[in-house]
Amino acid sequence: MNNENAIVALNALITINNDRIIGYKTASDSTDELDLKSLFSKLILTSEKCKQQLVLEVQVLGGKTVDETKVTGKFFRVWMDVKATLSGKDRKAILNSCDYGEDNAKATYDQAILHEFEHLSAKQKTMVLAQKSLLKVDHELVKSLRSALVNL
């Protein structure tokens, strides 16, 4: 296990959880729909829990944790679009943007598992897989709300 590579991998996961926290706070602050506010609060809690675990692991490895988001690329632009979209309170657009954000979170975890797993300890691998499962449940919640709109 290479601590430096493990720290980089864990920090990438911290970053995507930071993105989720900021994105869902923005979404929650910009909607009046109680069911969405409740959902966004749950999704924020998931990422806060994941982030806390990841930060602890980086510290155990003697690394410095990141406290940033992906300020470049599509993911950040989508979250900024969420803010603009929410001013119109378009439920479908909100959920579409959230689904896109969840796809990016999943992709980040998949990349860590595919390309960085060899650098992680058994404990860290178990943690990352458990977090991926939590995010999958969250994603399913977003998708089910989105699907309900299609079925109306």
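Select tyrosine 109 to begin: leaving aside neighbours within four places in sequence, this residue is in contact with Leu13, Ile16, Asn17, Cys50, Leu54, Val128, Gln131, Lys132 and Leu135, where contact means heavy atoms within 4.5 Å. The model is predicted, so local features need pLDDT of at least 70 and side-chain atom pairs count only at pLDDT 80 or more, while totals for chains, interfaces and linings use all residues. Residues are numbered from 1 along each chain as its sequence is written, and side-chain values use heavy atoms, with hydrogens and water left out.

**Stop 1: Tyrosine 109 and its setting**

Tyrosine 109 lies in helix H4. Helices here are DSSP runs of H or I with at least four residues, strands are runs of E with at least two, and both are numbered from the N terminus. Tyrosine 109 has a relative accessible area of 0% and is therefore buried. The term buried means under 20% relative accessible area, exposed means over 50%, and partly exposed is in between, with a 1.4 Å probe and protein chains only.

**Stop 2: The whole chain**

Zoom out and colour by secondary structure. The protein has 5 helices and 0 strands, in the order α-α-α-α-α along the sequence. Of its 152 residues, 43% count as buried. Among contacts with a separation of 6 or more, 80% join residues 24 or more positions apart.

**Stop 3: H1 against H2**

Select residues 3-29 for H1 and residues 34-60 for H2; their axes come within 8 Å and cross at roughly 160°. This makes H1 roughly antiparallel to H2. Axes are lines fitted to C-alpha atoms, for helices over the stretch in contact, and angles run from 0 to 180 degrees between N-to-C directions. Angles under 35 degrees count as roughly parallel, over 145 as roughly antiparallel, 65 to 115 as roughly perpendicular, and the rest as oblique. The crossing of H1 with H2 is left-handed, that is, the near helix is turned anticlockwise from the far one by less than a right angle; clockwise would be right-handed. By class, this contact of H1 with H2 has 14 nonpolar, 6 polar and 7 charged residues. Ala, Val, Leu, Ile, Met, Phe, Trp, Tyr, Cys and Pro count as nonpolar, Asp, Glu, Lys and Arg as charged, and the others, Gly among them, as polar.

Now pick serine 38, which lies in H2. Is serine 38 buried, exposed or partly exposed? Its relative accessibility is 48%, so serine 38 counts as partly exposed. Serine 28 is 10 residues away in sequence and 8.3 Å away in space, C-alpha to C-alpha.

**Stop 4: H1 against H4**

Keep H1 and display H4: the two axes come within 10 Å and cross at roughly 175°. H1 is thus roughly antiparallel to H4. On the H1 side, show Asn5, Ala9, Ala12, Leu13, Ile16, Asn17, Arg20 and Tyr24, which meet Cys98, Glu102, Asn104, Ala105, Thr108, Tyr109, Ala112 and Glu116 in H4. The residues of this contact divide into 9 nonpolar, 4 polar and 3 charged.

**Stop 5: H2 against H4**

H2 contributes Asp35, Leu36, Phe40, Leu43, Cys50 and Leu54, and H4 contributes Arg91, Ile94, Leu95, Cys98, Glu102 and Tyr109. This contact of H2 with H4 has 9 nonpolar, no polar and 3 charged residues.

**Stop 6: The nonpolar cores**

Which residues have the most contacts inside the largest nonpolar core? Select Leu10, Leu13, Ile14, Leu54, Tyr109, Leu120 and Val128, which have the most contacts within this core of 21 residues. At least two core residues come from each of H1, H2, H4 (91-116) and H5 (122-150), and H1 gives the largest share, 7 residues. A nonpolar core is a set of buried Ala, Val, Leu, Ile, Met, Phe, Trp, Tyr and Cys residues joined through side-chain atoms within 4.5 Å.

Centre on leucine 13: beyond neighbours within four places in sequence, this residue is in contact with Leu54, Thr108, Tyr109, Ala112 and Val128. A second, separate core has 12 residues, including Leu36, Leu43, Leu95 and Cys98.

**Stop 7: The loop between H4 and H5**

Finish at phenylalanine 117, in the loop between H4 and H5. With 16% relative accessibility, phenylalanine 117 counts as buried. Not counting residues up to four places away in sequence, phenylalanine 117 touches Ala112, Lys125, Val128 and Leu129. Its C-alpha atom is separated by 8.3 Å from that of alanine 6, 111 residues away along the chain.
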